[in-house]
Amino acid sequence: MIPTRRLAAQSGFFKRSAEELSRLSRIAWNTEGLHTPTKPYVLLDFQDQETVQGCKTMADRVVGGFSTASLDYEPGDPSSKTPPHARFHGSISTKLPENNWQVERTGYAAFRNQDRGMWLLGRLYWDVDPYAYLALRVKSDGRRYTVNIQTDSIIETDIHQHRLYTRHHRVYENAAQKEEPRRIHSLEDEELDGYPAPQGVPDGLSEVPPESTIIGSSSTSTTTSGTTGWETVLLPFNSFVRTNHGYVVEPQTSLIRQRIKSIGIGLTDRVEGPFDLRIHKIWATNGMSEAEIEEERAICGADALPLDEGVQSGWVKGNKKPKASGGQKSPDAKGLKGLRSEWDE
């Protein structure tokens, strides 16, 4: 692809091209494409103010609702071990607009990165195919946020979603018994016509965190010694649920990991009142590696994920393997550290 004058004039075109070529060159030089990567792949680093400015917010105000959403850059504070980060905050309102009778539901807010633009070989996407988890380092107020991933799929309005479970994630009493099947907004909806209503709630959108989600601590106390409030959550890419206009649809298809357009976080719990979520970084990973652990411990303190978390999630020679019975680690589990030593032989 030869950049035209108009294309080359786009803001950051040559910078994006140089960065992507550099990244691909490192992969080729280190032969990372031949095995499971052990190093993290940073997607959104909110320590950089430009990353925050490169995102857009959305709320029901566009249809006359009263919810608000802002994404602001917050500088770091070494004294409290607070890193530079993005603050997603605002207020949820379920009040309906008086002058628009077509709006039947409000109470949502979200943000996502904007289009990543073009580079020398076309449109720029994230390729996370070699990775098992989406990692998010956050400081949550406990509300029921959802992580949203949009890919270059056939149906442009498809979004793959996963609940953002944290140590402070609020669940209803006896949530597992109270959940009802998620239904399509309307089977008569022209865009969704023909999709059967799914049976039950998919694990990734359940009120109760599934076992496949890795959370740093099971403690719900905010006063635990050594706790900074920050934590890292690992969400399996294969647990994201395909949705359209916020409703689960069938047939379920895996997200296209090679062509991710945008990543964001939304709040659709329809609970009125303020919300406040801090996000330090979002990246793709295969477990907590040595390259990440120093920063992880410095920021998350007592809630830091342990080194070589890949062992606990059952990584064996590039393949995922379930834990042994009784919750014990499989004797064959190598984890990231063991895998790397085998590759270096």
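A contact here means heavy atoms within 4.5 Å. Keep that in mind for the first number. Take contacts between residues at least 6 apart in sequence: in this chain, 72% of them join residues at least 24 apart.

Now, what are we looking at? This is a predicted model. The chain has 345 residues, and 45% of them count as buried. Its accessible surface comes to about 18,100 Å². Carbon and sulfur atoms hold 49% of that surface. The chain contains 7 helices and 18 strands.

How confident is the predictor? The mean pLDDT of the chain is 76, and 66% of the residues reach 70 or more.

Strands of a sheet pair through backbone hydrogen bonds, either parallel or antiparallel. Which way does this one go? The pairing is antiparallel, in an open sheet of 7 strands. Read across, the order is S2-S5-S15-S9-S10-S13-S14. Strand S2, residues 55–59, and strand S14, residues 247–248, stand at the edges. Each has a single partner strand, so one side of each is left without a neighbour in the sheet.

S14 pairs with strand S13, residues 241–244, over 2 bridges, in the antiparallel sense. Asn244 stands opposite Tyr247 of S14.

Next, strand S9, residues 145–151. How many of its residues are buried? 7 of 7. Both faces are covered. On one side sit Tyr145, Val147, Ile149 and Thr151. On the other sit Thr146, Asn148 and Gln150.

S9 has S15 on one hand and S10 on the other in the strand order. With S15, residues 260–267, S9 runs antiparallel, joined by 7 bridges. Ile149 has Ile263 as its bridge partner in S15. With S10, residues 158–163, S9 pairs over 4 bridges, again antiparallel. Here Asn148 partners Gln161 of S10. A hairpin through 6 residues joins S9 to S10.

Now the aromatics. The structure holds 6 aromatic pairs. Which residues cluster? Phe46, Phe88, Phe111, Tyr145 and Phe275 form one aromatic cluster. The charged end of Lys95 sits over the ring of Phe66, 4.7 Å from its centre.

Start with Pro251, in the loop between S14 and S15. The peptide bond from Glu250 to Pro251 is cis, with omega near 5°.

Second, Lys81. Its phi is positive, about 55°, although Lys81 is not a glycine. Where is Lys81? In the loop between strand S3, 68–74, and strand S4, 85–92.

Third, Arg270. Again a positive phi, about 60°, and again not a glycine. Arg270 lies in the loop between S15 and strand S16, 273–285.

To wrap up, keep two things. The open sheet has 7 strands.

Key: Residues numbered from 1 in each chain as written. Predicted model: local features only at pLDDT ≥ 70, side-chain atom pairs only at ≥ 80, totals over all residues. Heavy atoms only, no water. Phe/Tyr/Trp six-rings, centres within 6.5 Å; stacked < 30°, edge-to-face > 60°. Lys NZ or Arg CZ within 6 Å of the ring centre and 35° of its normal. Buried < 20%, exposed > 50% of the residue type's maximum accessible area, 1.4 Å probe, protein only. Areas by Shrake-Rupley, 256 points an atom, 1.4 Å probe, with all protein chains shown as cover. Pairing = 2+ DSSP bridges. pLDDT = per-residue confidence, 0-100.
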